[in-house]
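This report describes selected local features of one model. The sequence and structure are shown first, and the description follows.

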Amino acid sequence: MIDKHLIEQENAAQEAALRADYDALGARLARRGVAIEDLTARAMGFGVAVPSWGTGTGGTRFARFPGAGEPRHIFDKLDDCGVIQALTRATPKVSLHIPWDKAPAGDLLAKAEEHGLGFDAMNSNTFQDQPDQARSYKFGSLSHTDAAARAQAVEHNLDCIEIGRALGSTALTVWIGDGSNFPGQTSLSAQFERYLDSMKAIYAGLPADWRLFSEHKMYEPAFYSTVVQDWGTSLMTAQELGPQAMCLVDLGHHAPNVNIEMIVARLVRAGKLGGFHFNDSKYGDDDLDSGTIDPFRLFLVWNELVELEDTPGLNLSHMIDQSHNVTDPIESLMVSAMEIQRAYVQASLVDRAALAGYRDDNDALMAAATLRAGFRTDVEPILAMARLRAGGAIDPVSAFRASGYRARVAQVRPPVSGAGGGIV
Ligand SMILES: [Mn+2]
């Protein structure tokens, strides 16, 4: 896919400058009592899952403008994910969406192995109708008024678990678009009860080593009310289902200015934080590239996750969940993975002992300054060194462009129609 020699050749031209920058940063950090090698080891241990659907060009409800060489099916998507991992060494797993990615397990495993990839959480899809399905989800899925529609949605989720078991996945993420568009259209309480009953049926089919993630989202596609609209509802769900049920927080699924790092802290306290979906937003659930609009917010989320990382039982599943409408999806996913990794490393160099002291002394100014010292540190040499040591590219985007990969796959992948909307 990407020639190993090309990566080596690209790296050779940049390695001397990187080593000089790395040594200079190492000396600066040493004066602050931080060992750069500890941070590089953390950067190398970092991984965020890539969503299979993110490799295709996204869109809005107005339009979708396809790019050249878009993946035709899950095997093309896995090839693209392999490229992202080969160059960044930060995305070892792929998250599948069923039925979009349905294929024989043996073929999926073989393709994943070819690229050294594993499978992260499975994602069910009951927010659109498939050509062969008996009941429509127009008026809901797991919370539908019709018991047969609910049963069909439950069955689909159980199918996702079966598919995931064969692939070595150990989690199912459930997000539903159920809700209402008019006040009075649905009983807010009865609809939630129906949802809970359906989730209990899915939970009953969960293998012992699996986890069930409930993902909340404030609005869209239902614009008046959404069944799982906030973390309170998600927490109620996870607590009612049992110990294998956890909450998944998507950065974009909140009203503007909501303190998401505090939601993270509360869910960890409840023992119910299971994972995180990374993206960025300006106005709503924009699904923009991670770290492009508000990198400080991304840092503050990571600051909370790093501060609480030794919490007993904490086992988090991290995934990118964004839509690439105007960029090459491979480039956007690579840059996003690196931005998420950057915030993680910046949060990792916050002086926790000093911060605790300032908090005890109620020294708000110095506490905030201690956090900012982490955020302001340019850790790029650490990230680049982590990639170099793991066999990746010092500069993944430039190596990707030099490889000619997109033009090459465009010759075998036919152009895709841009007709219709295309939120993915
Ligand atoms: Mn999400």
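The buried residues of α1 are I7, E10 and L25, where buried denotes 20 or more other C-beta atoms within 10 Å of the residue's own, with C-beta atoms placed from the backbone. The model is a predicted one, in which local features need pLDDT of at least 70, side-chain atom pairs count only at pLDDT 80 or more, and totals for chains, interfaces and linings use all residues. Residues are numbered from 1 along each chain as its sequence is written.

Helix α1 spans residues 4-31 and bends by about 50 degrees at Q14; the bend is the angle between axes fitted to the seven residues ending there and the seven starting there. Helices (H or I, at least four residues) and strands (E, at least two) are DSSP runs, numbered from the N terminus. The packing partners of the buried α1 residues are α2 (36-45), α13 (380-389) and α14 (396-403). Just after α1, G33 adopts a positive phi of about 80 degrees.

## The parallel sheet

Three strands form an open sheet in the order β1-β2-β4, with parallel pairing. Its edge strands, β1 (50-51) and β4 (118-119), each pair on one side only; strands pair if DSSP finds at least two bridges between them. Two bridges join β1 to β2 (residues 93-95), and P51 stands opposite S95 in β2.

| β1 | 50-51 |
| β2 | 93-95 |
| β4 | 118-119 |

S336 lies in helix α10 (residues 329-348). S336 is buried because 29 other C-beta atoms lie within 10 Å. Leaving aside neighbours within four places in sequence, S336 is in contact with F278, D289, S290, G291, I320 and Q322, contact being a separation of C-beta atoms, placed from the backbone, within 7 Å. The C-alpha atoms of S336 and N279 are separated by 8.0 Å, although these residues are 57 residues apart along the chain.

How do α9 and α10 cross? The axes of α9 (residues 295-307) and α10 come within 8 Å and cross at roughly 55 degrees. Helix α9 is therefore oblique to α10. On the α9 side, the contact is made by P295, L298, F299, W302, N303 and V306; α10 contributes E339, A343, Y344, Q346, A347 and S348.

Note on methods:
Buried ≥ 20, exposed ≤ 12 C-beta atoms within 10 Å, placed from the backbone. Contact = placed C-beta atoms within 7 Å. Axes fitted to C-alpha atoms, helices over the stretch in contact; angles between N-to-C directions. Parallel < 35°, antiparallel > 145°, perpendicular 65-115°, else oblique.
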